[in-house]
Amino acid sequence: MSQTKTELLQGNLYINGEWISEEEQTYFESINPATQELVGTCAAATASQVDDAVKAASTAYSHWKNTSIPERAAFLTKAAELFEDRKEELAQVMTKEMGKPLTESIGEVGVVIATAQYMAGEGRRLFGEIVPAGFPDRDIKMVREPLGVVACITPWNFPVSLASYKMFAALIAGNTVVWKPASEVALSAKIFMEVLHAAGLPKGTINLLTGSGRIVGQKLATHSEVKIISFTGSTEVGQQLAEMSSKTLKRISLELGGKNAVIVLKDADLDKAAEGIIKSAFTTTGQRCTAASRVIVERSVKKELLKKVIALTKEMKVGNGLEQGVVIGPLVNEQQCRLVEDYVQKAVEEGGNIAFGGRALSELGTCYYMPTIIDNVHSNHTIAQEEIFGPVLAFIAVNGYEEAMSVNNGTMYGLSTSIYTSSLHYASRAAKDAVSGLVYINNGTSNAEMGVAFGGMKMSGNGHREVSHHAFDVMTEWKSVYTNY
């Protein structure tokens with residue numbers, strides 16, 4: 001059934017506490033990948049509107065940084081309550097915009113609520129240090145100071161949770177925010193910003209700019225008044241932002257791609273491993289930076305594990321994320337679906353065998369692809385090296401732990417590694433040997449918790465972390481104060 005005109009949503013820009021739309025404002029469409037129906041239209045910010053948003057945030061900064069931390073925290077606590085009231089509405093729009101099952105979207109709003117509550121509490125823990133002085137009659141202290149305007153640039157796969165990681169850490173630290181969400185989920189961003197507006201945050205403290213990365217993203221990366229860039233997305237775009245922002249010596253936090261692996265040793269509980277593998281590989285249709293796209297398994301148990309993984313995959317229902325029982329939704333758009341097809345074809349050309357799936361589900365729509373398992377993959381194959389961002393899983397057979405860890409570390413990425421084993425020896429070694437920001441023992445690659453540092457090594461990031469109090473290493477800088485008395 002097609003949507004009526006009255007059901008369509010419209011997203012405008014949010015600058016200095018007001019919803020903005022100029023007479024000559026251009027708009028772009030948000031399309032439901034499950035049905036190809038129009039969800040609504042969103043404003044495309046101009047370069048001058050980027051300047052307006054940054055100016056508003058810069059002006060608001062002097063007041064916000066001098067607002068007491070308990071008062072800042074009260075705004076986040078209020079926002080958490082309001083997100084609870086609009087949880088279902090926001091989840092519905094997220095699913096319509098990017099396709100993930102509604103249960104996942106509802107869970108994501110729950111993460112936003114938890115993040116607001118967590119960061120409100122962390123405000124009381126922005127501790128400094130007292131340093132013993134080398135001279136009599138002197139006190140020395142070091143304190144954390146906010147930097148100013150933070151540009152938060154977020155992707156479409158987690159439309160609001162990743163924004164909350166960045167924005168709430170920035171706000172509680174005393175910074176102000178200009179947010180540029182991915183265009184695919186601009187209407188979800190609108191609802192998110194409506195909640196923060198209702199929470200009563202002062203004008204200019206938060207600002208929303210939707211539109212193209214070429215105009216908005218590049219302008220933010222080079223703007224002299226933007227002091228921090230916090231970006232989650234592809235490694236390629238992260239490199240470009242780092243280069244552009246370096247000219248103004250901005251601090252930049254990059255959470256980038258991954259080529260994550262589940263290592264399964266011969267002594268593992270194969271049933272638990274199979275469950276962890278499919279959840280890691282196919283949740284969010286494989287469109288997450290921590291998705292498992294490689295299974296590195298000891299040769300003696302590969303056949304049995306493959307059989308178990310295929311059996312569980314067959315039980316996963318693919319369809320519209322708004323339908324009950326669906327656990328795998330569409331890919332975000334047709335372009336992403338074609339990209340997945342190309343990777344699968346390349347895998348076969350290089351010698352891989354399709355053990356399950358391997359085709360688009362055109363009978364469901366233009367953006368659906370079967371969860372796919374490819375066997376007989378070697379560590380140097382394209383599908384074992386490059387991030388796919390789709391429901392594709394490669395099986396790589398190895399002869400033991402040493403080879404498994406070598407294969408695991410043999411990509412340019414280093415985000416998440418999982419190992420299944422009943423050996424304390426190999427579990428402990430893996431925790432040390434894996435060149436990954438996240439290591440899971442007897443769990444999948446996507447199971448992070450609040451308060452635990454999140455981020456990657458190598459080309460998966462530039463060393464900064466989110467989700468925990470370590471986010472303040474990005475959002476603040478140290479000031480040393482000497483007092484002689």
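Select helix H9 (residues 270-282) and helix H10 (residues 299-314), and display the side chains where Leu270, Asp271, Ala273, Ala274, Glu275, Ile277, Ile278 and Phe282 of H9 meet Val301, Glu304, Leu305, Lys308, Val309, Leu312 and Thr313 of H10, contact meaning heavy atoms within 4.5 Å. The residues of this contact divide into ten nonpolar, one polar and four charged, where Ala, Val, Leu, Ile, Met, Phe, Trp, Tyr, Cys and Pro count as nonpolar, Asp, Glu, Lys and Arg as charged, and the others, Gly among them, as polar.

The model is a predicted one, in which local features need pLDDT of at least 70 and side-chain atom pairs count only at pLDDT 80 or more, while totals for chains, interfaces and linings use all residues. Residues are numbered from 1 along each chain as its sequence is written, and side-chain values use heavy atoms, with hydrogens and water left out.

Staying with this pair, the axes of H9 and H10 come within 9 Å and cross at roughly 55°, the axes being lines fitted to C-alpha atoms, for helices over the stretch in contact, with angles running from 0 to 180 degrees between N-to-C directions. H9 and H10 are therefore oblique to each other, given that angles under 35 degrees count as roughly parallel, over 145 as roughly antiparallel, 65 to 115 as roughly perpendicular and the rest as oblique. The crossing is right-handed, a term used if the near helix is turned clockwise from the far one by less than a right angle, and left-handed if anticlockwise. Helices (H or I, at least four residues) and strands (E, at least two) are DSSP runs, numbered from the N terminus.

Next, select helix H7 (residues 213-222) and helix H8 (residues 235-245), which pack at an angle of about 40° with their axes 8 Å apart. That angle makes H7 oblique to H8, and the crossing of these two helices is right-handed. Here Gly217, Gln218, Ala221 and Thr222 in H7 meet Leu241, Met244 and Ser245 in H8, a contact with three nonpolar, four polar and no charged residues.

Move on to helix H4 (residues 102-122) and helix H5 (residues 161-173), whose axes lie 9 Å apart at an angle of about 15°. H4 is therefore roughly parallel to H5, and the crossing of H4 and H5 is right-handed. To see the contact, show Glu108, Val111, Val112, Thr115, Ala116, Met119 and Ala120 of H4 together with Ser161, Ser164, Tyr165, Phe168, Ala169 and Ile172 of H5; by class these residues are nine nonpolar, three polar and one charged.

Now turn to the sheets, starting with an open sheet of three strands in the order E1-E5-E4, with mixed pairing, two strands being counted as paired if DSSP finds at least two bridges between them. Its edge strands are strand E1 (9-11) and strand E4 (26-31), each of which pairs on one side only, and the twist averages 25° from one strand to the next. E4 and strand E5 (residues 38-44) pair in the antiparallel sense over six bridges, and isoleucine 31 can be found opposite leucine 38 in E5.

Which strands form the open sheet with antiparallel pairing? These are three strands in the order E6-E7-E22. Strand E6 (129-131) and strand E22 (476-484) stand at the edges with a single partner strand each, so one side of each is left without a neighbour in the sheet. Nine bridges join strand E7 (residues 138-146) to E22, and the bridge partner of proline 146 in E22 is threonine 476.

Finally, zoom out to the whole chain, whose secondary structure comes to 14 helices and 22 strands. Its radius of gyration is 23 Å, close to the 23 Å that the globule rule gives for 485 residues, so the chain is as compact as a globular protein of that length; the radius is taken over C-alpha atoms, and the rule is 2.2 Å times the number of residues to the power 0.38. Along its principal axes the C-alpha trace spans about 70 × 70 × 40 Å.
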